[in-house]
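Hello,

Here is the structure I promised to hand over. Please have a look, then read my notes below.

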Amino acid sequence: MSDADTQTMTIGDKQYPVRHGSVGPAVTDIRKLYAQTGMFTYDPGFTSTASCESTLTYIDGDEGVLLHRGYPIGQLAEQSSFMEVAYLLLNHELPSAAELDKFTYTISRHTMLHEQLAQFYRGFRRDAHPMAIMCGVVGALSAFYHDSTDIADPHQRMIASHRLIAKMPTIAAMAYKYSVGQPFLYPDNSLSYTGNFLRMTFGVPAEPYEVNPVVERALDRIFILHADHEQNASTSTVRLAGSSGANPFACIAAGIACLWGPAHGGANEAALNMLREIGTPDRIPEYIARAKDKNDPFRLMGFGHRVYKNYDPRATVMQKTVREVFDSLGVSDPVFETALQLEEIALKDEYFAEKKLFPNVDFYSGVILSAIGFPTTMFTALFALARTVGWVAQWNEMISDPEQKIGRPRQLYTGPTQRDYVPVGER
Ligand code: ACO
């Protein structure tokens, strides 16, 4: 037994065991705190609270490190594929060539939606935000796939996971098609996961669609960069929803709802809108001043992160990918120049340095997605598509964890103490 195993933390006159992970900060196991002291801990935003044990993803925010099952995100983004990362997250290890082929084939066999779901889309207004449609349609999957909602059965859990990963591109592409008034396209399983999504989004039945390999690779890389990010708000939402035994489709719908917010997945849409609003580099100082002004609620979107207090490693890959896509498509966008200069100016500014605010993954992703042809409203839907892999992997991990309990935070109550009801006529 090492010293680490016997370490404890003393709170009052009680000792609490300290547990060490394979890397990263240790945790104090305070599960008995309330029973032994009658006190809770107070931690809004869970800034100091580990809500679970996990083997999926490790982040060192100070050093700008992101590992999936130990593999650095830069290596995965450069050398692997989204399908391979999905396999890794779901199955602990990288696949052999045969395992990857089998997994890719399995996913491709689940890309179609129940035909009746197309009717469901028609209930939405044409101007519905794709995320509104995604929340509804993904939640509705539980009404169509009853044979994969028994969460106690590992086989059903895996089928539900495959279904969700496979159907998300179809669901997202259909949300887009519905908004532009074009017919839905059925999946083409001869294409890659990402190529198929591009075709279902930008293809039309009247013409053949040729997938641009550079765009396909760039989008696949974006999917890899968004696949998982340990216990972020939407993943914690999925875990919390799943902790009550809710079915996987309902849990992922909950994750999509949480991801929608501008402080989380909605930030790439907000970042691009902000860059367009800035318009030209000469207006950057005005926006920097606003971001620093305590009386102005404006924040530099795509900057800052709860965990990264250094350059987000995903932003590095993203910035490189913008150039590749622009070169391949032969396009340029002044918004990229504005982004580069904004980053340079902000990084030299004392305010951002002192608060350790660096570009996050969303700062450049919108620029690429816009160049590919996605409207800003689709950005968060693409994030949801990719993050589904992390959500289902985390959800499976939670259900298999013998220590899992229904999530039930406590509170510091500051409302009125008990008082007697006064009938309305006497108030
Ligand atoms: N622009 C200006 N100031 C900022 C920014 C920003 N983007 N982000 C944080 N700050 C300031 C805050 O005003 C605060 O200042 P104070 O200490 O003087 O009050 C300080 O930095 C700390 O900010 P918090 O909001 O307390 O930090 P938190 O960890 O809670 O927030 C968050 C992280 C929500 C991501 C924040 O940085 C933000 O709002 N960024 C913009 C939105 C964004 O890009 N979100 C994407 C996150 S990545 C993702 O979801 C994939």
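**The cavity lining**

Eight names to find: Ile-222, His-226, Asn-268, Ser-365, Leu-369, Phe-379, Leu-382 and Phe-383 line the largest cavity. Keep in mind that this is a predicted model. The structure holds one cavity of 30 Å³ or more. The volume of the largest cavity is about 30 Å³.

Three helices each supply at least two lining residues: α10 (213–226), α18 (362–372) and α19 (379–400). The largest share, three residues, is from α19. By class, five of the lining residues are nonpolar and three are polar.

At least three residues come from domain 2 (74–204 + 216–258 + 379–400), and at least three from domain 3 (266–372).

Now go to the strands. β4 (residues 57–60) pairs with β5 (residues 65–68) in the antiparallel sense, over four bridges. Tyr-58 stands opposite Leu-67 of β5. Four residues lie between the strands of this β4 and β5 hairpin, where Gly-64 takes a positive phi near 70°.

β5 also pairs with β6 (residues 71–72). That pairing is antiparallel too, over two bridges. Here Leu-67 stands opposite Pro-72 in β6.

The hairpin of β5 and β6 has two residues between its strands. In that hairpin, Arg-69 takes a positive phi near 50°.

Best wishes

How values were computed. Residues numbered from 1 in each chain as written. Predicted model: local features only at pLDDT ≥ 70, side-chain atom pairs only at ≥ 80, totals over all residues. Heavy atoms only, no water. Pairing = 2+ DSSP bridges. 1 Å grid on protein atoms, 1.4 Å probe; cavity = no way out; pocket = protein on both sides within 12 Å on 5 of 7 lines; lining within 4 Å. Points joined across faces, edges and corners; volume = space filled by probe spheres on them. Nonpolar A, V, L, I, M, F, W, Y, C, P; charged D, E, K, R; others polar. Domains from an automatic or database assignment.
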